[in-house]
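Welcome! Take a moment to look over the sequence and the structure before we talk.

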Amino acid sequence: MAAENLPLQNRVAIVTGSSRGIGKAIALHLASLGAKLVINYSSNAAQAKDVVSQINSTSNFPRAVAVKANVSDPDQVKSLFDAAESEFHSPVNILVNSAGVLDAKYPSILNTTLEDFDRTFEVNARGAFLCCKEGAARIKQGGGGRIICLTTSVAAAFKPGFGAYTASKAAVEAMVKILAKELKGTGITANCVAPGPIATDMFYDGKTEEMINKAINECPHGRLGVPEDVAPVVGFLACDASEWVNGQILRVNGGYV
């Protein structure tokens, strides 16, 4: 497809948590659709720069930049949008909030420490709130504006050991449904993509072989998902063809839930 015919040609996208895992796959997919990318990371600069290099290697001019930011800090979230506008001389069109944490101890609610609960909500719920708030204020209005938050299919499965994580993501799903209504008249849509078990570092962290096999057996496809199963769904929501999808939760899990 000629560059000028790509569905996201020259649109600017921020993808939080995009140095690895699902966020990385989303960033690479949006770039393949023509978007210019802010690759956000919280700690691993080398991984983020690798994603930027992959995207920029396909173009004669820079189409991606790495920006360090903690999504739970409002000033740092603001810096993501500032960097996008400065680098690409354009307002942001698309925000994908993929940054998230999961307690790899998989504690019961009884055994969840207040510190771990607060950390989970700080990144997953507060982070999504701050990104959505900044996105609602600064994403270009008039059509094509997109806010897409990554949540989880566990929010519909209510699995033991995922109490704080499930609650933090369910909070985001409720918030995004309300945000979609509050953005009436702006041409900006807001949706959630809720993956099931996806083969990433975050999924494997702390899990026994028994836990992994249980997740595989609970899926009708008999496998774990991969980040590339999720990225095209986010890509669709980022494109103009998705305009009539608004305020929705798309559970991308192979039938797991």
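Predicted model: local features only at pLDDT ≥ 70, side-chain atom pairs only at ≥ 80, totals over all residues.

Visitor: Which annotation covers residues 11-196?

Guide: Over residues 11-196 the chain is 45% helix and 18% strand. The end C-alpha atoms of that stretch are 29 Å apart. An unreviewed UniProt entry gives these residues the annotation "domain: Ketoreductase".

Visitor: Are helices α1 and α2 roughly parallel or roughly antiparallel to each other?

Guide: Helix α1 spans residues 21-32 and helix α2 spans residues 45-56, and their axes come within 10 Å. The axes cross at roughly 20 degrees, and angles under 35 degrees count as roughly parallel. Therefore α1 and α2 are roughly parallel.

Visitor: How do the residues of the contact of α1 with α2 divide into nonpolar, polar and charged?

Guide: α1 passes α2 in a right-handed crossing. On the α1 side, the contact is made by Lys24, Ala27, Leu28 and Ala31, while α2 brings Asp50, Val51, Gln54 and Ile55. Sorted by type, these residues are five nonpolar, one polar and two charged.

Visitor: Does Glu173 count as buried or exposed?

Guide: Glu173 sits in helix α5, which runs over residues 163-182. Leaving out residues up to four places away in sequence, Glu173 touches Thr151, Thr152, Ala155, Cys192, Ala194, Ile249 and Arg251. Its relative accessibility is 6%, and the cut-off for buried is under 20%. So Glu173 counts as buried.

Methods. Residues numbered from 1 in each chain as written. Heavy atoms only, no water. Axes fitted to C-alpha atoms, helices over the stretch in contact; angles between N-to-C directions. Helix = DSSP H or I, 4+ residues; strand = E, 2+ residues; numbered from the N terminus. Parallel < 35°, antiparallel > 145°, perpendicular 65-115°, else oblique. Left-handed = near helix turned anticlockwise from the far one by under 90°. Contact = heavy atoms within 4.5 Å. Nonpolar A, V, L, I, M, F, W, Y, C, P; charged D, E, K, R; others polar. UniProt positions renumbered as here; feature names shortened; annotations may be inferred. Buried < 20%, exposed > 50% of the residue type's maximum accessible area, 1.4 Å probe, protein only.
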